[in-house]
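Biologist: I have a model open and want a quick walk through it. Can you take my questions as they come?

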Amino acid sequence: MFGLFYWIATKSMNNMNSNIYLGLMSGTSLDGVDGVLVELPEDGSEMHLLGSAYQPFSDAMRAEAMALQQPGENEIHREALLANQLAASYANCVATLLQQAPQVSVRAIGAHGQTIRHRPELGYTRQSNNPALLAELCGIDVIADLRSRDVAAGGQGAPLVPAFHRAIFAAPNVCRVVVNIGGISNISVLHADGSTTGFDTGPGNVLMDAWIAQHQAKAYDENGDWARQGQVQVDLLTVLCDEEFLHLSPPKSTGRDLFSPTWLSDKLSAFSTLAAVDVQATLCAFTASTLADAISRYAPEVSGVFVCGGGAYNANLMQQLAQELAQRGCHASVDSTAALGVSPSHVEALAFAWLAQRFILRLPGNLPDVTGAKGLRLLGALYPA
Ligand SMILES: Nc1ncnc2c1ncn2[C@@H]1O[C@H](COP(=O)(O)OP(=O)(O)O)[C@@H](O)[C@H]1O
Ligand SMILES: [Mg+2]
């Protein structure tokens, strides 16, 4: 293993003139890490994707990351060990990426880490990671802890991706919405006048994933095929939608702290006789309807909705999103970001490469209109190679 990392370190010494960055994103689905290697010209002209990789978490890592979402015994020690495992997994992803472009010099890695708690209302958000170990293993500057400064400035620390969405997906004189459906969903509204708003809308895949894991021992509902076989239960949907977070005005953000298996079992307590497949159908409809509510309310003039994150591969969810929008009088096209030339699996990792570049150039990464921070802030902390 260390031979491999020695190889990375000797191949990829930091180059201060390079515009090539690595972005690593592991989100609330706890599935693994998505990585990209990308050239980001400093003048903001078109980026060039040089490589991409996905490193799934082992079952044991996933289980421990899941367990650490809730209070538990000796969690400081357990979190530190998880952070070391995450750094090793991120370094493996980096090695795979660099094998795709062995000659390049990388300026920096933007590493999001794994959120284990997100409590901006209490003044903190915690992404598990060991960026010092990642820098040690890779021999590349690492920019980590990208959310805390926004929280310190009174913001939500999330979502951070709207600034990047604006940089690559905005079009003149039209309103576009970029929807990221990971474990949690967030939207970026790229208004026709050039302004950008956005917030977390609520669940993405997190509840559907939990339900199919419980009933079919699968990590997710491939293509939404299981949900498609069920009937949406309107009474249950009404109970699910009766959640304070969904009705709050932005800025707002959420995570597994709220939308947890406990939240779901509380909501299901009066529905114990429902068939599991009907619950899955209703959970899919819940994600679609919360997204459609948010888009129709905050972007009524939208002409195109572009979906990224793993939810873009759930055909049933995509279809329901289009239907729910149409029912609210919103007749925007609904596509994945592939229609704009970027794979839905790459968008978030690209955003963290872009945020690393913002740090290196000493440019702010947050949008105060989105997060509610007191002002623009430089995001992240540097762990030198
Ligand atoms: N082919 C697919 N069909 C249905 N859902 C999928 C598919 N591929 C991925 N997903 C969903 O996307 C999730 C991963 O999405 P991702 O964007 O990585 O989220 P996160 O950023 O929260 O890790 C999976 O847990 C699963 O729910
Ligand atoms: Mg993921």
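Modeller: One term before we start. Two strands count as paired if DSSP finds at least two bridges between them. Also, this is a predicted model.

Biologist: Fine. How many bridges join β4 to β7?

Modeller: Two bridges join β4, residues 108-111, to β7, residues 142-144. The two strands run parallel.

Biologist: And which residue does G110 stand opposite in β7?

Modeller: I143.

Biologist: Zoom out. What is the strand order in the open sheet of six strands?

Modeller: The order is β3-β2-β1-β4-β7-β13. Pairing is mixed.

Biologist: Which are the edge strands?

Modeller: β3 (48-56) and β13 (381-383). Each pairs on one side only. From one strand to the next, the twist averages 20 degrees.

Biologist: What about helices? Which strands does α4 lie across?

Modeller: Helix α4, residues 131-138, lies across β1 (20-25), β4, β7 and β13. It runs at about 165 degrees to β7.

Biologist: And which strands does α14 lie across?

Modeller: Helix α14, residues 347-360, lies across β1, β2 (32-39), β3, β4, β7 and β13. Its angle to β1 is about 130 degrees.

Biologist: Now the other sheet. What order do the strands take in the open sheet of five?

Modeller: β10-β9-β8-β11-β12, again with mixed pairing. The edges are β10 (196-203) and β12 (333-336). Each has a single partner strand, so one side of each has no neighbour in the sheet. Neighbouring strands are turned by 20 degrees against each other on average, direction ignored.

Biologist: How many bridges do β9 and β10 pair over?

Modeller: Seven, in the antiparallel sense. As an example from β10, G202 stands opposite S185.

Biologist: Which strands does α12 lie across?

Modeller: Helix α12, residues 276-298, lies across β8, β9, β10 and β11 (304-308). The angle to β10 is about 155 degrees.

Biologist: Back to β5 and β6. Do they run parallel or antiparallel?

Modeller: Antiparallel, joined by five bridges. T115 has Q127 in β6 as its bridge partner.

Biologist: How many residues lie between the strands in that hairpin?

Modeller: Four. G123 in the hairpin of β5 and β6 takes a positive phi near 90 degrees.

Biologist: Switching to domains. What does the domain assignment give?

Modeller: Domain 1 is 2-158 + 345-383, and domain 2 is 162-340. Their centres are separated by 25 Å, taken over C-alpha atoms. For contact, 25 residues of domain 1 meet 26 residues of domain 2.

Biologist: Why does the largest pocket lie between the domains?

Modeller: Domain 1 and domain 2 both give residues to its lining, so the largest pocket lies between them.

Biologist: Which elements each supply at least two residues of the lining of the largest pocket?

Modeller: β2, β5 (114-119), β6 (124-128), β8 (176-181), β9 (184-190), α7 (206-216) and α14. So the hairpin strands turn up here again.

Biologist: How do the lining residues of the largest pocket divide into nonpolar, polar and charged?

Modeller: There are 15 nonpolar, 26 polar and nine charged.

Biologist: How much space lies in the second largest pocket?

Modeller: About 420 Å³. Of its 24 lining residues, L40, G44, S45, M47 and I168 are closest to the centre. β3, α6 (162-169) and α14 are the elements that give two or more residues to this lining. By class, the lining of the second largest pocket has 14 nonpolar, seven polar and three charged residues.

Biologist: How many residues does the second largest pocket draw from each domain?

Modeller: At least three from each of domain 1 and domain 2.

Biologist: Which residues line the largest cavity?

Modeller: P159, L160, P162, A163, G365, N366, L367, V370 and T371. α6 and α15 (368-371) are the elements giving two or more residues to that lining. Six of the lining residues are nonpolar, three are polar and none is charged.

Technical notes: Residues are numbered from 1 along each chain as its sequence is written. Chains are lettered from A and ligands numbered from 1 in the order in which they are written. This is a predicted model: local features need pLDDT of at least 70, side-chain atom pairs count only at pLDDT 80 or more; totals for chains, interfaces and linings use all residues. Side-chain values use heavy atoms; hydrogens and water are left out. Axes are lines fitted to C-alpha atoms, for helices over the stretch in contact, and angles run from 0 to 180 degrees between N-to-C directions. Contact means heavy atoms within 4.5 Å. Ala, Val, Leu, Ile, Met, Phe, Trp, Tyr, Cys and Pro count as nonpolar, Asp, Glu, Lys and Arg as charged, and the others, Gly among them, as polar. Domain bounds come from an automatic or database domain assignment. On a 1 Å grid over the protein atoms alone, a cavity is a set of points where a 1.4 Å probe fits but cannot get out, and a pocket is an open set with protein on both sides within 12 Å along at least five of seven lines; lining residues have an atom within 4 Å of a point. Grid points are joined across faces, edges and corners, and a volume is the space filled by probe spheres set on the points.
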